[in-house]
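I opened this notebook to record what I looked up in the structure. The entries follow the order of my reading.

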Amino acid sequence: MKKLKGAERRSWILSYLVEQEQPVTGSDLAKQANVSRQVIVNDITLLKATNVPIVSTSQGYMLMQNKEAGAYVQKKVACNHQSKDSEDELQTLVDVGVTVENVTVEHPVYGEITSSIMVSNRHDVEMFLKKVRETEASFLLELTSGVHLHLLSAPSEEILNRGIEALRKKGYLIEES
């Protein structure tokens, strides 16, 4: 592909992401567009600034497709556990058909910090945890002694409730008293 300029390149990125079912890394986009990864990072930032629903995950960039009206339900849940339990928590949810969209912690200085996770199956969980290990990154829950929120989504209320109940049984769910 010839080297595309600004708006033309951003249009191409958007079109390309629409066609993808899996996240695409900035490096892959850069290689295909014949530009640096930093140019892609800047393009993604500009696209997000115009309200294009691009999510940055640990596996790459994804365009959040409009889910069919009423086809997915979402709920935020409060959890508490140690870092060593993160894999079990994520696998517990994806095993019943729940997608873990993000994690949020309440930081005493910065306020709410939210990061995309976007795991829907064991492979996604494995790739997410591999990235955490390779980069020696800390889980956000370490900033808050294990307390965090997850935005969960599922194709039905029943599946979502099944995931929440599984978290409850394992002692990860923070319940209102």
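Entry one: domains. I looked up the domain assignment, which gives domain 1 as 6-63 and domain 2 as 73-170. The model I am reading is predicted. Taken over C-alpha atoms, the centres of domain 1 and domain 2 lie 25 Å apart. I then checked the contact, and 7 residues from domain 1 and 7 residues from domain 2 take part in it.

Entry two: the interface. How much area is buried between domain 1 and domain 2? I noted about 520 Å², with carbon and sulfur atoms giving 55% of it. I looked for salt bridges across this interface, and the rule finds 0. On the side of domain 1 that touches domain 2, strand β1 (residues 54-57) gives the most, with 3 residues. I sorted the residues of that side into 2 nonpolar, 5 polar and no charged.

I found a positive phi, near 50°, at M118, a residue other than glycine. M118 sits in strand β5 (residues 111-119). Is M118 buried or exposed? Its relative accessible area is 12%, and the cut-off for buried is under 20%, so M118 counts as buried.

I placed E136 in the loop between α5 (122-135) and β6 (147-154). Its relative accessibility is 71%, and exposed means over 50%, so I wrote E136 down as exposed.

Terms used: Residues numbered from 1 in each chain as written. Predicted model: local features only at pLDDT ≥ 70, side-chain atom pairs only at ≥ 80, totals over all residues. Heavy atoms only, no water. Domains from an automatic or database assignment. Contact = heavy atoms within 4.5 Å. Buried area = accessible area lost by both parts, 1.4 Å probe. Salt bridge = Lys/Arg side-chain N within 4 Å of Asp/Glu carboxyl O. Helix = DSSP H or I, 4+ residues; strand = E, 2+ residues; numbered from the N terminus. Nonpolar A, V, L, I, M, F, W, Y, C, P; charged D, E, K, R; others polar. Buried < 20%, exposed > 50% of the residue type's maximum accessible area, 1.4 Å probe, protein only.
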